[in-house]
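Please look at the sequence and the model first.

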Amino acid sequence: MNRTFIAIIGLLLLCAPLLAGCGGSGSTANNSTANQPAEGATAEPNGQNGGLAGENDGNAEHRIVATTVAATQIMDMLGIDLVGVPTSVKTLPSRYDGVTRVGSPMSPDMELVKSLKPTEVLSVTTLKYELEPVFENAKVPASFLDLTSLDSMRKEIETLGERFGKQEKAAEIVKAFDATLEHVRQATEGKEKPTVLILLGVPGSYLVATEHSYIGDLVRLLGGVNIVQDSKVEFLASNTEYLHKSNPDVILRAAHGMPDEVVKMFDEEFRKNDIWKHFKAVQTGQVYDLEESLFGTTANLAVGEALEALLPMLYP
């Protein structure tokens with residue numbers, strides 16, 4: 001499987017939970033103000049009223065649109081106002097109540113985005129392949145945050161803090177991450193490292209997540225060893241015979257899009273495909289379904305809770 005195909009599949013996985021919820025009642029309510037920018041949503045200069053200080057021009061006005069939930073949460077923690085946020089069934093920070101919803105992360109409504117006259121649009125690197133030409137064609141300035149790991153998210157938060165005069169807030173967030181990491185290091189010190197298989201599923205299909213994926217990074221931080229080594233991409237197609245040869249100690253199943261449906265799909269696959277019963281993790285009962293709200297496809301501010309949840313799975 002070539003890297004481009006893998007990237008496209010990764011993009012589809014990212015948008016699945018949002019596409020599934022766009023037709024729901026929650027998204028309908030969010031779109032009630034979709035055609036008008038929220039009053040007062042524009043950041044004021046010099047950091048006043050939650051506004052942003054420019055990197056080179058302290059008086060510059062910033063009109064920022066965040067197109068993913070994770071980016072929105074980060075901007076909220078930094079105390080930065082936005083003029084546009086993603087449409088999502090997930091609860092967004094109350095700071096952005098009434099702010100214009102611009103559509104799903106993978107397919108934002110570009111006419112609506114342009115109408116907000118943004119000085120910058122924030123997305124994530126996992127969606128760059130798909131969205132960069134879209135933003136370029138619309139002549140909309142876009143930045144892609146690298147949220148593929150905790151370390152990369154830390155760096156992005158520090159960079160955003162420096163750019164927008166929120167260094168102290170950024171330092172507080174990073175300090176909390178460091179405290180969490182120190183806790184898990186102490187909790188896993190001296191313990192035998194488990195081998196781990198991570199399955200990432202959406203309705204109808206699933207892939208294998210490598211250590212370059214966000215969940216793979218969490219496993220690595222806890223001392224787990226991903227059974228997929230020497231890969232440079234986030235996700236790979238599943239080959240059960242190859243996976244069985246690696247015989248992992250633990251199997252993690254991450255359900256996205258429609259979690260209940262995907263868990264049923266996993267259960268059926270494990271029941272009908274005879275090879276799974278020969279996996280050590282299945283025989284020892286170390287197969288775990290991950291909660292979607294904690295284990296997204298990109299890093300997010302729930303990382304501390306996610307690590308705490310993973311700890312007893314890897315070290316029962």
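Is Asp-178 buried, partly exposed or exposed? Asp-178 is partly exposed, with a relative accessible area of 33%; buried means under 20% relative accessible area, exposed over 50%, and partly exposed in between (1.4 Å probe, protein chains only). This is a predicted model, in which local features need pLDDT of at least 70, side-chain atom pairs count only at pLDDT 80 or more, and totals for chains, interfaces and linings use all residues. Residues are numbered from 1 along each chain as its sequence is written, and side-chain values use heavy atoms, with hydrogens and water left out.

The structure holds 13 salt bridges, each a side-chain nitrogen of Lys or Arg within 4 Å of a carboxyl oxygen of Asp or Glu. The table gives some of them.

| Pair | N to O distance |
|---|---|
| Arg-154 and Asp-178 | 3.0 Å |
| Arg-253 and Asp-267 | 2.7 Å |
| Arg-253 and Asp-289 | 2.7 Å |

Arg-154 forms a salt bridge with Asp-178, and this pair links helix 6 to helix 7 (residues 167-188) across 24 residues; helices (H or I, at least four residues) and strands (E, at least two) are DSSP runs, numbered from the N terminus. Arg-154 counts as buried at 16% relative accessibility.

Arg-253 is buried, at 4% relative accessible area, while Asp-289 is partly exposed at 37%.

In helix 3 (residues 69-77), the buried residues include Val-69, Ile-74 and Met-75. Just after helix 3, Gly-79 has a positive phi of about 75°.
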